[in-house]
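Hello,

Here is the structure I promised to pass on to you. Have a look at it first, and then read my notes below.

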Amino acid sequence: MTIINKIIDGKIYAEKLLKEISPLSKEFLKNFNREPSLTVIQVGDNPASKIYVKNKILTAKKNGIKSKEILLASDVSEDELIQHISILNKDENVDGILVQLPLPKHISEKKIINIIDPSKDVDGFHPTNFGNLFMGDSKFIPCTPLGCLYMLKHEIKDIKGKNAVIVGRSNIVGKPMASLLLSSDCSVTITHSRTKNIQEHTRKADILIVAVGIPEMIDEKFIKPGAIVIDIGINRLETKTTDNASNKKVIVGDVKFEKVLKVAKKITPVPGGVGPMTIACLMHNTVKAAYINKKNDFINVLEGILWWTG
């Protein structure tokens, strides 16, 4: 297998999913005289968050989804942010609400997530949606795990019985990813930065999902030859230029890509792997929310796009 064939291109998969979602946005406009609607709230001017929000807004516009961005100062009070969300919860023309994380330290992320109407929670983080996911009956699955499983199902076709190991236990990725893989009949192990002898677990993985937030923590010594590796980490590092005259910022994952590429059967790059799929799945959840909120049977067509969720 050539090196190119080893790389799981998230951009290609995202384009494939968006091509199926876009016509449903047009159908919604035809039936309800408006586009599906997504509102994104960003607090502060975190550079990474600004890029994420910009990409989400642009992707929405390209795919027939009306998007609105609410920018709030980093010192906005928790009560004021809650007030904005409460207004959006009551607005019948808003289908999806997303509060860009992380939030400033004086604002409780848990409290803010709990305030969002579960039927508009396109991030899938509300306790109702989170609980339903673990019960196997979720309306909204968190976008990053959803995107990972979409790529895995297309790469492997049948993942039943595979040994899947997750490095990372966050509510955003690790835990929902475990639930999705269990629902797909994988045998799942969750590890994290404090797991003892972590390589003993990762080297047994047919599927290795890494979302630990430590730059290039996973190298070839962690990998079972022929494994599928999904790298969710996004880390910005400063490196010296060749003349050592200035610093250069580079983006790396939680996996040492070049080393692991030689051992793994398939691997996602950073950037260009999981990121585009996360945004595509956000568009999927937004259109799904629009149809659900209109109590329209056309939602069955949308469910058919992600043919493996049932």
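Cys143 has a relative accessibility of 4%, so Cys143 counts as buried (buried means under 20% relative accessible area, exposed over 50% and partly exposed in between, with a 1.4 Å probe and protein chains only). Before going on, please note that this is a predicted model, where local features need pLDDT of at least 70, side-chain atom pairs count only at pLDDT 80 or more, and totals for chains, interfaces and linings use all residues. Residues are numbered from 1 along each chain as its sequence is written, and side-chain values use heavy atoms, with hydrogens and water left out.

A disulfide is a covalent bond between the sulfur atoms of two cysteines; here the test is a pair of cysteine sulfur atoms within 2.5 Å. Cys281 is likewise in no disulfide, and the structure holds zero of them. Cys281 counts as buried because its relative accessibility is 0%.

**Helix α4**

Next, take a look at helix α4, which covers residues 78-90. (Helices are DSSP runs of H or I with at least four residues, strands are runs of E with at least two, and both are numbered from the N terminus.) At 1.5 Å a residue, its 13 residues should span 18 Å, and the end C-alpha atoms are 19 Å apart, which agrees. The expected span is 1.5 Å times one less than the number of residues.

Which residues of α4 are buried? They are Glu78, Leu81, Ile82, Ile85, Leu88 and Asn89. Seen down the axis of α4, the buried residues fall within an arc of 120°, so they line one face of the helix; the arc is that of the directions from the helix axis to the C-beta atoms. These buried residues pack against β1 (37-43), β2 (66-72), β3 (96-99) and α5 (109-115), where contact means heavy atoms within 4.5 Å. On the face turned away from the buried side, α4 carries the exposed residues Asp79, Gln83, Ile87 and Lys90.

**The whole protein**

Stepping back, you can find twelve helices and ten strands in the protein. Of its 310 residues, 51% count as buried. Along its principal axes, the C-alpha trace spans about 55 × 50 × 35 Å. Among contacts between residues at least 6 apart in sequence, 68% join residues at least 24 apart.

Enjoy exploring!
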